[in-house]
Amino acid sequence: MSAATIARVLFDEAHSEAWTIRPELAREMQPAHPGDSSYATAASVLAEREFEVAPNAAAPLTADTLAQCDVLVIAHPSEPAWERTTGTGSPRLSPEELTAIQEFVARGGGLIVLGETEQDKYGNNLNELLAGFGLRLANDTVQDYEHCHGAPSWILAELGDGGRGRGGDLLARVNSACLYRATTVASTNGARVLARAHSTASNPGAPLIVAQQHGNGRVVVLADSDLFGDDCIDELDHRALWCNLVSWAASSTAVGVPEVVADSPALDPAWAQLRDQTNALATLQAPDGALAQGADLGQAQQHVEAMSAAIEQLAPRFEHQAQYLDAVRADLSAWVAGGLQRPDFTASLEQFRPELDRRDGVENLVVFPMYKQNGSRDTCFESLIVRVPWPQHVAELERSRYDNPKFVPVELVDFTRGYDSECATLFPETVSVSGRPVNNFGAIFCDREAARLRRVAGAAADLLALNLPPDAACMLARPDVSQQAYILWDLIHDRAHSHGDLPFDPFMIRQRAPYWMYSLEELRCDLTAFTQAQQLERDGIAAARYVQYAILLDRLLRFPITGPRLRNYDGLGGQLLFAFLHRHRFLHWTDNRLTIEWERVGDGVAQLYAEVQDLYRTGIDRTKLQHWAAAHDLVAGNVAPATGSRWAKAVRSLDDVEDPRPYVDLVLEDEFPLSIFYSSLKTKLAA
């Protein structure tokens, strides 16, 4: 099951390198101990994280060769007199190759160069390459008798500042690293020093690992090449460091999601006619969807006729929707024949079945009188073209683990004015019908959800100087990666509403309850998705870690400050998660910087999830009022209720009646106000 390819990584082996990602070649180079020449594990670690990895066995590093990759790795070229090597070509890069690599980086490519102790003796010209970036590998051998890992030349690095904000923290999850017989790195351009020698070393304070932005690309230089070899990559935090460095080097390569594919019906003139006529008709409708008083009847009828004709012209492009489009045209005709009163599109809604055809890339035409959730309840006609992203790995997970036959992720390809909003759902409940709508599908605009995450969480990460891991930073820079994270998140979340220890109506559609009950239900489903994503990652589905990032970043940084402060149940769920993690020291707000302990934060999420699960499980033995009160207490144990709350435990005095719904009127509109942290964040982000 594959997700989006993060980047293509090319390991150069055409210049007599001392390392290879090919196990068979490593065995030829070092028959007694292949691990001393092998980067095969380093390559497999990347492959497990959706990187496409390949060796460059013999080709010169020309512009054409480099066009096939996003990150180039050059690991210690050497003359054979000093090292067992790949045995191909000279260790020296040609002038043409030097130029091609520098231009590759300037355009946005990533470059990782690994040097070695006594750098000058190996006969390569890496320093000619690095000079173009203001960097140089010195001719040193660093020793440190106090900060070492078994031998004085196996030096423990003093880690520096890996960076903050949406650019990523290159040292996230990295607390220790060892370089085995290292030189040092000199910089004349202010490169970020990720690791340096301790003050007790023979070269006190000398840089050992540096990272540099160059043009649109990124360069990483290390003073040793052994730390990511098969023998050493699983020592200390080398694996995490390796993943961070490659993710960071690759992050300047942004891959977008095309808004309109070449053969999309959205390019058909008939679609433009349908969209424009629908927009014009909407201006003539009353709030209930009927023709507004005083509106021109003949003009409205002309708009309907033009819409019907456009739908007929578009129908061959939507053969899989033939029955639905016939029903839409019939409902339009019936609406006109009935005098353009409040529209009833029950028949066409029953035929609209996108959940039955979840093919990756299939596009659907949507024409309904509807209102938008989380917005105005005024009803008007809308026309949309939506595309279903249904990648193979999601289809397989839905089939094998998370059966959710009604779930449909969609992207908005083009739409009428009513959807020029923050609306992120297309539900049957939004369609104007005479009775209760059928409940066949639930469509989530994953592109809009992902775009909001990238926009808000990225800005908040910068403002809060968040220690964002490079792969999380990559997600915030990549529409394709963030969108796939949302699809899997929503698949599991949506299903969780009807699984586990539940209230009698998990969606609470027909309940009148305090808004914190809705908050806890949505949070419970998100925490379920988070814990399931942890399990998926343990099962080898590395893309599931993006689901964890998306849930944390969206819940912590966007939900609490989005929307009005009137019974904001999604916002309260984010406040609760933040307060719980802060209270239990899984995240810290120190020196005006937000730091998440990424190695432990999953444990904190699990602890809150267990408390919410226990609330649900024990709720079956309480009265409804007792259950609401217990839920209020759980939230209030982390998020302070408002002054004047009638529900706070210390002042709560409510008779335990069979129907406690009238007590909902005692809930303050902002029962759990924003903390100082969020009030400040909201103000600064708004600016």
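This is a predicted model: local features need pLDDT of at least 70, side-chain atom pairs count only at pLDDT 80 or more; totals for chains, interfaces and linings use all residues.
I then looked up the overall figures: the protein holds 20 helices and 19 strands, its C-alpha trace spans about 90 × 65 × 45 Å along the principal axes, and of its 687 residues 56% count as buried.

**Entry on the eight-stranded sheet**

I traced an open sheet of eight strands with mixed pairing, and I wrote down its order as S2-S1-S3-S4-S12-S11-S10-S7. At its edges I found S2 (52-56) and S7 (158-159), each of which pairs on one side only. Within the sheet I followed S10 (residues 192-196) and S11 (residues 207-214), which pair in the antiparallel sense over four bridges, and I saw that alanine 195 stands opposite isoleucine 209 in S11. I next asked which strands helix H6 lies across. Helix H6 (residues 238-250) lies across S1 (8-12), S3 (71-75), S4 (110-114), S10, S11 and S12 (217-222), and it runs at about 150 degrees to S12.

**Entry on the five-stranded sheet**

I then turned to an open sheet of five strands, also recorded with mixed pairing, in the order S13-S14-S15-S17-S16. Strands S13 (363-370) and S16 (425-426) stand at the edges with a single partner strand each, so one side of each is left without a neighbour in the sheet. For S16 I looked up the pairing with S17 (residues 442-445), and I found that the two run antiparallel and are joined by two bridges; threonine 425 has isoleucine 444 in S17 as its bridge partner. Helix H9 (residues 322-337) packs on this sheet, where it touches S13 and S14 (380-387), and its direction makes about 20 degrees with that of S13.

**Entry on helices H14 and H15**

Last, I looked at how H14 (residues 479-496) and H15 (residues 515-538) pack, and I noted an angle of about 125 degrees, with the axes 8 Å apart. The two helices are therefore oblique to each other, since angles over 145 would be needed for roughly antiparallel and 65 to 115 for roughly perpendicular. Their crossing is right-handed. On the H14 side I listed Leu488, Trp489, Ile492, His493 and Ala496, which meet Glu522, Arg524, Cys525, Asp526, Thr528, Ala529, Gln532 and Leu536 in H15.

Definitions and conventions:
Residues are numbered from 1 along each chain as its sequence is written. Side-chain values use heavy atoms; hydrogens and water are left out. Axes are lines fitted to C-alpha atoms, for helices over the stretch in contact, and angles run from 0 to 180 degrees between N-to-C directions. Angles under 35 degrees count as roughly parallel, over 145 as roughly antiparallel, 65 to 115 as roughly perpendicular and the rest as oblique. A crossing is left-handed if the near helix is turned anticlockwise from the far one by less than a right angle, and right-handed if clockwise. Contact means heavy atoms within 4.5 Å. Two strands pair if DSSP finds at least two bridges between them. Buried means under 20% relative accessible area, exposed over 50%, partly exposed in between (1.4 Å probe, protein chains only).
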